[in-house]
Amino acid sequence: MATRRTFLLRTLAFIGTGISLRSSRVFAARPRFAIHGSAARLIACVDAKRSAEIIGVEYLRAFPAEGNAEQLANLIFSSFGIGYQDLVWADRQEIKSLLADQQRQDFAADRVVDVGGWILSRTEARLYALTALSAAAR
């Protein structure tokens, strides 16, 4: 016959095992998405890629510290303020909508940059820089 203490210890061990298995799956999937999928999903939202590449190159000249595709993608996605799971399931139109909303918020909060005389939201400039980095990698 099991004591109450034994029952509680076994229950906690069972719950702990379930949590650790679930969290290892979540954390194992996240980097693969962040490295391979997020940048491509953002770039897919850019309609005029050649123009974006030109502007992106100028932005990277002005902000060379942001010359990393993974960093740029993470900066853009983190500004959306939505959960990781929502982002995983978002389609192209939803991401475009999030980008447009973030660009409006950037202008409202004066998070803008001057790139060759063009005043762009920080999010838009980073998206173009990401497009430029992608083109350079091809």
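User: In what order do the elements of the protein run from the N terminus on?

Analyst: This is a predicted model, in which local features need pLDDT of at least 70 and side-chain atom pairs count only at pLDDT 80 or more, while totals for chains, interfaces and linings use all residues. Residues are numbered from 1 along each chain as its sequence is written, and side-chain values use heavy atoms, with hydrogens and water left out. Helices (H or I, at least four residues) and strands (E, at least two) are DSSP runs, numbered from the N terminus. The protein has 6 helices and 2 strands, and the order is α-α-α-α-α-β-β-α.

User: What share of the residues of the protein counts as buried?

Analyst: Buried means under 20% relative accessible area, exposed over 50%, and partly exposed in between, with a 1.4 Å probe and protein chains only. Of the 138 residues of the protein, the buried share is 31%.

User: Where on helix α5 do its buried residues lie?

Analyst: Helix α5 covers residues 92-108, and its buried residues are Ile95, Leu98, Leu99, Gln102 and Asp106. On the other side of α5, Gln93, Arg104 and Ala108 are exposed. Seen down the axis of α5, the buried residues fall within an arc of 100° (taken from the directions from the helix axis to the C-beta atoms), so they line one face of the helix.

User: Which residue has a side-chain oxygen that reaches the backbone nitrogen of Gln93 at the start of α5?

Analyst: A polar contact is a pair of N or O atoms within 3.5 Å; within protein, one must be able to donate a hydrogen and the other to accept it, and residues adjacent in sequence count only if both atoms are side-chain atoms. At the start of α5, the backbone nitrogen of Gln93 has a side-chain oxygen within 3.2 Å, and this oxygen belongs to Asp91.

User: Which residue of β2 is the bridge partner of Asp114?

Analyst: Asp114 belongs to strand β1 (residues 112-115), where Val112 and Asp114 form the uncovered face and Val113 and Val115 the covered one. Two strands pair if DSSP finds at least two bridges between them; β1 and β2 (residues 118-121) run antiparallel and are joined by 4 bridges. In the hairpin, 2 residues stand between the strands, and Gly116 takes a positive phi near 60°. The partner of Asp114 in β2 is Ile119.

User: Why is the pair of Phe77 and Phe80 called edge-to-face?

Analyst: The structure holds 2 aromatic pairs. Rings of Phe, Tyr and Trp (its six-membered ring) pair if their centres lie within 6.5 Å; planes under 30 degrees apart count as stacked, over 60 as edge-to-face and the rest as tilted. Phe77 is buried at 8% relative accessible area, and Phe80 is buried at 10%. Their ring centres are 5.6 Å apart, and the pair is edge-to-face because the planes stand at 85°.

How values were computed. Expected span 1.5 Å × (residues − 1).
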